[in-house]
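Hello,

Here is the structure we talked about handing over, with my notes on it below.

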Amino acid sequence: MKDMGATKAAESPALGYEEARAELVDVVRRLESGGATLEESLALWERGEELAGICRTWLEGARARLDAALAEREGEAEGAGAGEED
C-alpha cells in the first residue's frame, strides 16, 4: 500500500513559490469564510500546512542563495582590499 502523504509530498515541491502562496491564500480565505464541513475544514487545514511548508522551503532556499551571494561579494571585496595593501 502506498503512503499517500509521501506521494503528496513528492508532488508538491513541483509547485513554485507564487503558485503555492496563491493556493495558500485561497485555502485561508475558504477556511475563514466558514460553511465547510468538519472533514472539509480538516482537509483544507492539512493542505494549508503543506503549502506553508512549500513556501517556507522556497523562502529558506532564497535566503541561502542571498547569503551565499553576499558572502561571495564580501570575499571578493576583501580579496581586492588585500591586493591594494601590497
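D26 and R29 sit three residues apart in helix α2, so about one helical turn separates them (helices are DSSP runs of H or I, at least four residues, and are numbered from the N terminus). Their side chains meet in a salt bridge, 2.4 Å from N to O; the term means a side-chain nitrogen of Lys or Arg within 4 Å of a carboxyl oxygen of Asp or Glu. D26 is partly exposed at 27% relative accessible area, and R29 is partly exposed at 47% (buried is under 20%, exposed over 50%, partly exposed in between, with a 1.4 Å probe and protein chains only).

This is a predicted model, in which local features need pLDDT of at least 70 and side-chain atom pairs count only at pLDDT 80 or more, while totals for chains, interfaces and linings use all residues. Residues are numbered from 1 along each chain as its sequence is written, and side-chain values use heavy atoms, without hydrogens and water.

The structure holds five salt bridges. Among them, R47 pairs with E23 at 2.8 Å, N to O; this links helix α3 to helix α2 across 24 residues. R47 also pairs with E50 at 3.1 Å, N to O, and these two lie three residues apart in helix α3. Through shared partners, E23, R47 and E50 form one network.

The largest nonpolar core has eight residues: L15, A20, L24, V27, L44, L51, I54 and C55. Such a core is a set of buried Ala, Val, Leu, Ile, Met, Phe, Trp, Tyr and Cys residues joined through side-chain atoms within 4.5 Å. Its largest share, four residues, comes from α3.

Regards
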